[in-house]
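Thank you all for coming.

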Amino acid sequence: MDISLNTNHEENFKRGQALLNHLEEMQYSYFNGRPEWIQLHKNDLKLFIAHIYYGPPSLSNAIAENDYEDDISSEKLFKLYEKEYKKKIVDIYELIEEKYINPTLFSKIQVGITMTHSICKNKCDTCQNFPKKDIHKWLLLRLKLISDKLIFIDFQNSRTYTGWDEYMENNNLPAGFMFYPNSGFYDASKTLYQTITPSSKATETVLKTVDIVACISNVVGGVILACGSIFLVASPVGLGLIVAASALSTVCSSYQFGRNVQQLIDMYKHDVYKFGTNAWKKWIGSVISAIGAIMAPFHALAAITSEVNSTIQTTGKTLTIFRKSACITQCTLEVFRASLDFIDNDFKITWENVLKLRLDVFIVTGVLMAPSYITDILTLISMQTVWVPIYKTIEQIPYCLGQYVWNSVYFFKNHFVMFLESVTKFLAENLTATNLLFAWKNIRCMFDGYQKQTSNLDVGDLLRHVVDNIAMHESVKYVLRGQHMVKLLDSLRIFAPKKRIGRALVKYCVDHVLGEAKKLSAKRDDCVAEIARHGETREWKADEEFCKCYGLDRCAMDQYALWAIGQVNEATLMAEYEKHASRPENMFDDEMVYNKRYGASCSAKGYSFVAPCGVLDLEVCLRFAEKVNPQPHQYLDHKLVQPQPGVSLMFGVSAYSVNIVFFGIDLINGVPKMNICFFEQNRDSGSSIADHKGFKKLQAA
C-alpha cells in the first residue's frame, strides 16, 4: 500500500511539474519578442479584438479576390466576422469609447495582452484531462489611458477592471487555481504565480453555501405558505407552522435580496453587459426575493386574523387575493430564470493565407499592411530566397511573429542573436532558467533547417550568404560575391573533385581574399608614409603611382579585394585549406552553423552533427567539448547540469569570464542530431556571478 501511495504521489508530482512547464513555455512562446504595448488607431481596435479572440475571418463572397487586391480597411475586414462576434465586440468597443476614451482627444491608443490560466476545482472536461486537453487560458486586453491608468478587459467573461489588483480580487473565474504573472505583465525573469481564484476563497465559499441554504429554505417556506393559502389550517399547529414559515421566508428572502443587489453592484462595476442575460437573472432574483420578504408577514397576519377575528373576512379575502397573485408571480419568474440558464448552457499562397499573415502582422505591429505587400512577403518566404531587399523590412517584424516567417538562411543570424540575448539576460538574472532552456530548445530546431538549406545552395547563393555576414562596406561585399569570386570557387573543383564546396571552404576563401586585400591596403599606407618622409605631401599623387604599380582603378578596399582574387593560385589555396581543416580546432568547421565574436566582451559558436551517442553525462560532454572547440582550460573547471533528458549544460565561472556549453540531442526525421553551442562572456573582476541564482536553480534541477 505504501508503494502504491508513493507511486501515485510521484505521478501526481510529475503531472503537476509537466503542467507548470507547459504553462511557462506557452507564456514564453507567446510573449518572447512581443512588444509590451502596441499603438493602434482607435478605429482599428475592433479588428484587433476580433483577431485576438476569434482568429482570422473567412473570406466570403462579400469580398471577391480581385477586390481583395485593393487595400481593404480594418472596418471592412471586421465586417467579415460572424454576426454574434461583431455584436459582442461592438458592445465592448462602445463601452471603451464611452467610459475610457475621449473621441475628441484620442486618435491613437496603447493596447497590450495579458495571459492567465485556471484549472477548475470541480470536474471539468476542459482542464481535468491534461495533457490530453489544455487547461483554461484567458486573454486579457490591456488599455493604457493618457493618465497612465490601466484598464484590464476580460473579453471572454465580458468584464472590465480598473487595475490588476481589482482583477485579482474580483475576477469571476471558476472555483479552483489560477496561474498568472504577478504584475499583470509577462516577465521572463519570473515564473508564474499561483493562487486560488476569488470564488474559491473562504468568504465566497461560505456565501455560496448560505445562498444554497437560503434558496432551499425559501422554497420550503414558500411551499408551506402556498399550502396555507389554499387549505385553511385552523389548528394551533397549523397556525404555528404558518408563522414559522413566514419568519423563515422573510429572513431568507431578505438575505437573497441583499445578495442579488450586491451582485448587481459588482456587475455594474465590472460587467460589459449590464442589461444582458446575467443582469436580468439578478434583477429577477431581486424581485422574487423582495416579493417574498414583503408577502411573508401578510401570510402570517392573514392566518392570525382569520383565527382571532372573523369580522374582518373582507380584509382577509383581499389579502388572500394579493397573496395568491404574489405566489403566481414568484412561480412565473422562477420558470423564466430557469429558461435563461438553459439558454446560457446551450504553402500555397491563397487569399486566406494573405489575410492571415496580414492580420498577424497587424496584431504585433499595429500596422495593417497592403495585401500586395503581404503577397510579396509570402512569395519570397515560400521561395526561401537567399537575399532580396524586402528582407530588411521583414527584419523589423517583432520576433514573436518573426520566428515563424524568418525561414530563409539570411535570417538565421537573427534567430541566433535572439538566443544570445536570452543567454545574456539569464546571466543578468533577467531570464529564468526554465526560459533559458526554452530558448535553447528553439534554436536547436533552427540548426537542422539551416544546415539543410545551406547544403542545397549553389556556389553563388552560398557565397552571397557568407559575405552578407561579414562586417565590411557594401562596395567590398559587392566584389566578394561577384562573378570573379564565383569563378574562383568553381575552379577549386578541379583540385578537389570529391570535396563539396561547402560553407566552411567558401568562408576560408573569403577570409583569404580579405586578408590579402588588407595586406595590400597596409602597403599603400606604408608607401604614402614613405613618400611623405621625402617631402611629397600630395597623397593623391602617391595613390596615383600605387594604382599604376598594382593595376588598380583607385585606392580603395573594394579594388584591393578585386586585385586579391586575381592573385589567388587555386592549387596553393586548396593545399593551404586542407592543412587548415586538419588542425584540431578546425576539424568541425563543416558542422559549424554559427561563429561570431562581439567585440571583446562576448563570443559564440554553434555546431550540429549526427549524434554518435545518446548519453550526455559529464564524461561525454567533456570529451565532445574538448574535441569540437579545444580550449587551454580543457573544461576541467566546468560543472555539469542535466535539467532534462537529452539536454545538458556545462558552465565555468571565474573572476573574469563566464563560459557555458549547451548540449542537446534531438530526433529529427528519425536521425539523432547533437547540437552544441559555446558561449563566452568576458567580465571585469568585480562582477563575479559565482552565486548566480539561475545557476543554482539549474543545479537543483
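Let me begin with a question: which residues are buried in α12? They are Pro 371, Ile 374, Ile 377, Leu 378, Leu 380 and Ile 381, where buried means under 20% relative accessible area, exposed means over 50%, and partly exposed lies in between, with a 1.4 Å probe and protein chains only. Helix α12 spans residues 371–383, and helices here are DSSP runs of H or I of at least four residues, strands being runs of E of at least two, both numbered from the N terminus. The 13 residues of α12 reach 18 Å from the first C-alpha to the last, close to the 18 Å expected at 1.5 Å a residue, the expected span being 1.5 Å times one less than the number of residues. Gln 384 follows α12 and has a positive phi, near 55 degrees.

Before going on, a word on what we are looking at. This is a predicted model, in which local features need a pLDDT of at least 70 and side-chain atom pairs count only at pLDDT 80 or more, whereas totals for chains, interfaces and linings use all residues. Residues are numbered from 1 along each chain as its sequence is written, and side-chain values use heavy atoms, with hydrogens and water left out.

The pLDDT, which is the predictor's confidence in each residue from 0 to 100, averages 79 over the protein chain, and 73% of the residues score at least 70. Confidence is lowest in helix α10 (residues 313–345), at a mean of 32, and highest in helix α22 (residues 557–566), at 95. Over residues 293–346 the pLDDT is below 50, and this stretch has 55 contacts in the model beyond near neighbours in sequence, a contact meaning heavy atoms within 4.5 Å. Where pLDDT is low, the predicted coordinates should not be read in detail.

The largest nonpolar core has 136 residues; by a nonpolar core I mean a set of buried Ala, Val, Leu, Ile, Met, Phe, Trp, Tyr and Cys residues joined through side-chain atoms within 4.5 Å. Those with the most contacts inside this core are Phe 48, Phe 416, Phe 419, Leu 480, Val 510 and Phe 662, and its largest share, ten residues, comes from helix α20 (residues 503–533). Leaving aside neighbours within four places in sequence, the contacts of Phe 662 include Phe 419, Leu 436, Trp 440 and Ile 676. Ile 676 itself is included in a second, separate core of 19 residues, along with Phe 588, Met 592 and Cys 621.

At the start of α17, a side-chain oxygen of Asp 458 reaches to within 3.2 Å of the backbone nitrogen of Gly 460. Why does Val 459 count as buried? Val 459 does so because its relative accessibility is 9%. Not counting residues up to four places away in sequence, Val 459 touches Val 486, Leu 489, Asp 490, Arg 493 and Ile 501, and its C-alpha atom is separated by 8.3 Å from that of Gly 502, 43 residues apart along the chain.

Turning to the strands, β10 (residues 639–644) and β11 (residues 647–653) run antiparallel and are joined by four bridges, pairing being taken to need at least two DSSP bridges between two strands. Lys 639 has Phe 651 in β11 as its bridge partner. The two strands form a hairpin with two residues between them, and Gly 646 in the turn has a positive phi of about 80 degrees.

Ser 158 has a positive phi of about 55 degrees, lies in the loop between β4 and β5, and counts as buried because its relative accessibility is 10%. Asn 669 also has a positive phi of about 55 degrees, but its place is in the loop between β12 and β13, and Asn 669 is exposed, with a relative accessible area of 66%.

Notes. A polar contact is a pair of N or O atoms within 3.5 Å; within protein, one must be able to donate a hydrogen and the other to accept it, and residues adjacent in sequence count only if both atoms are side-chain atoms.
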